[in-house]
Amino acid sequence: MIQLCNLKTFRFFHSIFSCTFASKTNRVLVGDPKPSHFSLQSQLLCRHITSEISANQHNFTVTYLINTCGLSPEGAILASKWVELQSPERADSVLELLRNYGASQTQISKLIRSHPKLLSADPEKTLLPKLEFFSSLEISKVDLLKTLAFNPHLLAVSLRNRILPTYNFLRSMLSEKNVVAVFKRNSWIFLESHCKHVVPNIGLLRESGMPQPCISLLLTHCTFALMVNPEKFGQLVGEVKEMGFNLEKSTSVNALGALCGKNKLVLNRSREVLKTWGWSEDDLLSTFRKNPWCMIISEKKLMQTMDLLVNKMGWSSGMIAKYPVALGLSLERRLIPRCSVVKVLLLKGFINENLNLGSLVKPAEKQFLEIFVNRYLGKVPELLSVYQGKVDIQDF
């Protein structure tokens, strides 16, 4: 319909232009004193007709984005600023290719909403080679599509000039499995040249004495840390050293990741929260040295954990500082079930009140059940139900 409309408009414009041009020629021959006046009319008419064509194309694009790609009207209008469809053929081919690779309608909508220009890409020359390469990695289709939906720009960058060189660089230091891990967790490294930041930063770590296994660990799990500006990265390495970390140990890798980017903002906020619970600077530094990631948690989670362990269970802040791993454990899946069991046993007088926090957080689930649940089922039959959250400890 849009093509027919454009064809009619073009014919109409052509006839008007031809007539105007002919009349202008005749007037010039008879000595028309203002031939340019009619030229201006022609230009204005041309602009009007061109704007009609553009409006029709825009309307078609918005309609296609809504009806075929599943975008909301508001999302379609925003996306249409980045892509203008002349016809549905190429866009249909793009969507068909994505569906052939298992993309759901929801994933397609997310892809197009984030990167509308994909609809105008050449499916055979631009998209297919990248999809074939990504599929050749040891990655499931589910994980591939999740990654692409999160970072659709992976389908826009050059395979030969950007993706393959980055892959080869990563593969020179990591196993295929870990390269896939990087792709799933930190795919942004494939969008910018690894030579810009990552290579210089790795060079600095080598000069500072970090062994290759630690560098590989950092590249696999904290890729984002190596992607910062080399000058800032140098300052980060210096800060880690000042805090007493040995770059030859894997704990320094965790420290670099925890101090990088937004993580540092979260860390600083966690420090302030813990100070309100009586933690000293020594407590904070000691905790960070033991487990840097345990302090990279939200303020809400931190407050809830401290309230449970201090106010409800009666452990001191000093005790928690000795076992900081507790701060990073899930409240719902780990801390609350275990604390509930221990609380019941304390109320019944079956365990010592001086039980340390390590006894609660360190054991694996099977070991915890054996020590604190199965052993006392004969005396407290409801204990397993307490652990499973089926019985409230207020009933005891």
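Predicted model: local features only at pLDDT ≥ 70, side-chain atom pairs only at ≥ 80, totals over all residues.

Student: What is the volume of the largest pocket, and how many residues line it?

Tutor: The volume is about 370 Å³. The lining has 20 residues. Leu 308, Lys 312, Ile 336, Ser 340 and Ile 393 lie nearest the centre.

Student: What makes a residue count as lining?

Tutor: A lining residue has an atom within 4 Å of a point of the pocket. For the largest pocket, 20 residues are counted as lining.

Student: Which elements give two or more residues to that lining?

Tutor: They are helix 17 (299-312), helix 20 (331-348) and helix 23 (383-387). Helix 20 gives the largest share, 7 residues.

Student: Which domains each give at least three residues to the lining of the largest pocket?

Tutor: Domain 3 (269-283 + 290-328) and domain 4 (329-395) do.

Student: How does the lining of the largest pocket divide by class?

Tutor: There are 10 nonpolar, 5 polar and 5 charged residues.

Student: Now the second largest pocket. What is its volume, and which helix gives the largest share of its lining?

Tutor: The volume is about 170 Å³. Helix 13 (residues 230-242) gives the largest share, 5 residues.

Student: How do you know which lining residues of the second largest pocket are charged?

Tutor: Asp, Glu, Lys and Arg count as charged. The lining includes Lys 232, Glu 239 and Lys 264. The class count for this pocket is 5 nonpolar, 2 polar and 3 charged.

Student: Why is helix 10 called roughly parallel to helix 13?

Tutor: Helix 10 (residues 198-207) and helix 13 pack at an angle of about 30°, with their axes 9 Å apart. Angles under 35 degrees count as roughly parallel. Therefore helix 10 is roughly parallel to helix 13.

Student: In which hand does helix 10 pass helix 13, left or right?

Tutor: The crossing is right-handed.

Student: And why are helix 15 and helix 17 called roughly parallel?

Tutor: Helix 15 is residues 262-275. The axes of helix 15 and helix 17 come within 10 Å and cross at roughly 30°. The limit is again under 35 degrees. So helix 15 and helix 17 are roughly parallel to each other. Helix 15 passes helix 17 in a right-handed crossing.

Methods. Residues numbered from 1 in each chain as written. Heavy atoms only, no water. 1 Å grid on protein atoms, 1.4 Å probe; cavity = no way out; pocket = protein on both sides within 12 Å on 5 of 7 lines; lining within 4 Å. Points joined across faces, edges and corners; volume = space filled by probe spheres on them. Helix = DSSP H or I, 4+ residues; strand = E, 2+ residues; numbered from the N terminus. Domains from an automatic or database assignment. Axes fitted to C-alpha atoms, helices over the stretch in contact; angles between N-to-C directions. Parallel < 35°, antiparallel > 145°, perpendicular 65-115°, else oblique. Left-handed = near helix turned anticlockwise from the far one by under 90°.
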